[in-house]
Amino acid sequence: HYVDSIGRGGFRNNVLIDQLLYYGLLDGCKEAHDAMFDMHFLGQTDAFIGKFSSNIDRVAYNLQCGRTRTYQPRISLDNEWCFDFGVRSRIDAFHKKGEKLYC
């Protein structure tokens, strides 16, 4: 479902979000609202395709599982669920063989 009032991309892709918020070029409340809107509707789907390195995607998948009270079909485009964020600790099938990556 596409909603015109939710911005996607644009000038945010080239500037740190902290700077945009500091200079008043971005409305933090609207961004939070849009993110919650995305998570809510992603959580209403019957299967998940996304990135488990993204907290928003992980929340959406949790909402799916909570709604149906069972694990849902899923495909992660980067790596499987990670419990040790920021630690170079795991080997992933999508990277060079034997190379550890941060998840």
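## Basis of the values

The model is predicted: local features need pLDDT of at least 70, side-chain atom pairs count only at pLDDT 80 or more, and totals for chains, interfaces and linings use all residues. Residues are numbered from 1 along each chain as its sequence is written, and side-chain values use heavy atoms, with hydrogens and water left out.

## Overall make-up

The protein holds 3 helices and 4 strands, in the order α-α-β-α-β-β-β along the sequence. Helices (H or I, at least four residues) and strands (E, at least two) are DSSP runs, numbered from the N terminus.

Of the 103 residues, 22% are buried. Buried means under 20% relative accessible area, exposed over 50%, and partly exposed in between (1.4 Å probe, protein chains only). The protein exposes about 7800 Å², and carbon and sulfur atoms supply 59% of that area; accessible areas come from the Shrake-Rupley method with a 1.4 Å probe, and for residues only the protein chains shown count as cover. Among contacts (heavy atoms within 4.5 Å) between residues at least 6 apart in sequence, 30% join residues at least 24 apart.

## Helix α2

Helix α2 covers residues 28-42. With 15 residues at 1.5 Å a residue, α2 should span 21 Å, and its end C-alpha atoms are 21 Å apart, which agrees. The expected span is 1.5 Å times one less than the number of residues.

Asp27 caps the N-terminal end of α2, with a side-chain oxygen 3.0 Å from the backbone nitrogen of Cys29. A polar contact is a pair of N or O atoms within 3.5 Å; within protein, one must be able to donate a hydrogen and the other to accept it, and residues adjacent in sequence count only if both atoms are side-chain atoms. His40 also has its place in α2 and is partly exposed, at 42% relative accessible area. The C-alpha atoms of His40 and Ala60 are separated by 6.8 Å, although the two residues are 20 residues apart along the chain.

## Aromatic pairs

The structure has 5 aromatic pairs. Rings of Phe, Tyr and Trp (its six-membered ring) pair if their centres lie within 6.5 Å; planes under 30 degrees apart count as stacked, over 60 as edge-to-face and the rest as tilted.

One of the pairs is Phe37 with Phe41, which is tilted, at 4.7 Å centre to centre and 55° between the planes. Phe37 and Phe41 are separated by about one helical turn, because they are 4 residues apart in α2. An α-helix has 3.6 residues a turn, so residues three or four places apart point the same way. Phe37 is partly exposed at 26% relative accessibility, and Phe41 is partly exposed at 41%. Phe48 and Phe52 form a stacked pair, 5.2 Å centre to centre with 5° between the planes. Both Phe48 and Phe52 are buried, and together with Tyr61 they form one aromatic cluster.

## Around strand β2

Ser76 lies in strand β2 and is buried, with 9% relative accessibility. A polar atom of the Ser76 side chain lies 3.3 Å from the backbone nitrogen of Phe52. Leaving aside neighbours within four places in sequence, Ser76 is in contact with Gly50, Lys51 and Phe52.

Ser53 sits in the loop between β1 (48-50) and α3 and is partly exposed, at 39% relative accessibility. Not counting residues up to four places away in sequence, Ser53 touches Asp78 and Asn79. Ser53 and Glu80 are 27 residues apart in sequence, while their C-alpha atoms are 8.0 Å apart in space.

## Cysteines

The structure holds 0 disulfides, a disulfide being a pair of cysteine sulfur atoms within 2.5 Å. Cys29 is exposed at 64% relative accessibility, whereas Cys65 is buried at 14%.

## Arg69

Arg69 lies in the loop between α3 (55-68) and β2 (74-76). Arg69 has a positive phi of about 60° although it is not a glycine. Its relative accessible area is 79%, so Arg69 counts as exposed.
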